[in-house]
Amino acid sequence: MKHITIIGGGIIGLCTAYYLQQDGHQVYVIDKNNISQGASFVNAGFISRSHIIPLAAPGIITKGLKMMFNANSPFFIKPRLEKEFLQWAWAFKKSATQSKVDKAIPVYKNFIAYSAQLYNELKQKELFDFHIEKKGLIVCYKTQKYAAIETKIGKRAVLEGLDVDFLTPDDTQKLEPAFSSDILGAVYYKDDLHATPVLFMKELKKYLKRQGVQLFLNEKVLSLKTKGNTLTHIKTDKQTLSVDEVVFASGSWTPHILNKIGIKLLLQAGKGYRIDINPPTTIQIPALLAEAKVAVTPMQNFTRFAGTMEIDRINHTIFKNRVLAIANLAKNYYRNLHIPEKAINQATCGLRPVTPDGLPYIGKLSFYKNITVATGHAMMGWTLAPATGKLVTQIIDDKKPEIPLELFNPERRF
């Protein structure tokens, strides 16, 4: 048995704690808040078997430049003359090539499938209760331009073995009657699942506490003490902890903490917003509105609309124009959709950690023998959390990882 400290209590940190505890380790989790907010609570809840193409895909830079001056755009990179940002932006540009995407797809696909399998296993074990459903994902479009884009992606998914239907306007309307009549068609990914994040996080947190995982909440990491190639102590604003093994799973904050011991990690915060409607709408099936880049999820007792990728400094500022953009765009795709002013005023955000190539950092550091990194999942943190927790456990136990980790090396070059 090892004593393992996890910095970060989001979905990645808690899933890692779960598998480490299941494997017989004593686990401690440090979180700067009380594990009740952030990206793990405000995401779309997609468990996306279909999302096999990383964020840094060909054409993304051109799209970003076009959208950069539009405050309402779904993808927004705020330029700034800071060394860390400029290094990340240059690496992002270099990573957005077809050859790198083609190399990543098979590994990423298996990673996602493994995580979906683990979600199903968690549900079957009934150790804690949570909502999960398999209704698939409808990626619908209103223009010929996006019909071509989404059909191409769907055909690639078919080649990778996914169960995909290509829907006519009538097919789309029959599957989801709530859609407006001008939907041109859709690609339907039948293997996708979805969950209600707040319920999963709440119940997993309670389960971990019952199992003896110690949660140090509302504690900020102030400094890290090392001796040779070993991290020996973590000092927070409340205590100093002696550590055996440490997992850095603190999302967008990870580079700032690792920087305390001279580790540079290229990572930027990507802000996303969510609007919840309660009571829920008549929408039945999760959807991605192609032109709008808005995700729609019928969760347990409410409907969620989520969107935007806003690359900026770490901040939780809510820009109402961006929230309104999500609401107004969503209304264009559904019949008689009403989003109450109250729901718009109660919109909140989360910061997703984005690496230059859109792939997460998972693995040991070469110099510090007792540090494992698990962050940088961008929009896929919710999808990949169980598999990431399982992989980190395999790494710490010196077992062969279920998924090859070369592409996710935290020290990889871009």
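Reader: Let's start with the open sheet: in what order do the six strands come, and what is the pairing?

Author: The order is S10-S2-S1-S14-S21-S20, and the pairing of this open sheet is mixed. Strands here are DSSP runs (E, at least two residues), helices are runs of H or I with at least four, and both are numbered from the N terminus. Two strands count as paired if DSSP finds at least two bridges between them. Before we go on, this is a predicted model, where local features need pLDDT of at least 70 and side-chain atom pairs count only at pLDDT 80 or more, while totals for chains, interfaces and linings use all residues. Residues are numbered from 1 along each chain as its sequence is written, and side-chain values use heavy atoms, with hydrogens and water left out.

Reader: Which strands stand at the edges of that sheet?

Author: Those are S10 and S20 (361-364); each has a single partner strand, so one side of each is left without a neighbour in the sheet. On average, neighbouring strands are turned by 15° against each other, direction ignored.

Reader: And which strands of the sheet does H1 touch?

Author: H1 packs on the sheet and touches S1, S2, S14 (245-248) and S21, and its direction makes about 170° with that of S1. Contact here means heavy atoms within 4.5 Å. Axes are lines fitted to C-alpha atoms, for helices over the stretch in contact, and angles run from 0 to 180 degrees between N-to-C directions.

Reader: How many bridges join S20 to S21?

Author: Four, and the two strands run antiparallel. Lys 364 has Thr 372 as its bridge partner in S21, and Ile 362 stands opposite Ala 374. A hairpin through six residues links S20 to S21.

Reader: Switching to S18, is that strand buried or exposed?

Author: S18 (residues 302-312) is mostly covered, with 11 of its 11 residues buried. Buried means under 20% relative accessible area, exposed means over 50%, and partly exposed is in between (1.4 Å probe, protein chains only).

Reader: Nice. Which way does S15 run against S18, parallel or antiparallel?

Author: S15 and S18 run antiparallel, joined by eight bridges. S17 (residues 294-299) also runs antiparallel to S18, over six bridges. Gly 307 of S18 is the bridge partner of Tyr 273 and of Val 294. S4 (residues 75-77) pairs with S18 in the parallel sense over three bridges, and there Phe 75 stands opposite Met 309.

Reader: What does Asn 301 do in the hairpin of S17 and S18?

Author: Asn 301 takes a positive phi near 80°, in a hairpin with two residues between the strands.

Reader: What does Tyr 119 touch?

Author: Leaving out residues up to four places away in sequence, Tyr 119 touches Ile 11, Ile 47, Phe 130, Ile 132, Phe 200, Trp 382, Thr 383, Ala 385 and Pro 386.

Reader: How do the axes of H5 and H12 cross?

Author: They come within 7 Å and cross at roughly 90°. That makes H5 roughly perpendicular to H12, a label for angles of 65 to 115 degrees. Residues of the contact include Tyr 108 and Phe 111 of H5 and Trp 382 and Leu 391 of H12.

Terms used
Parallel < 35°, antiparallel > 145°, perpendicular 65-115°, else oblique.
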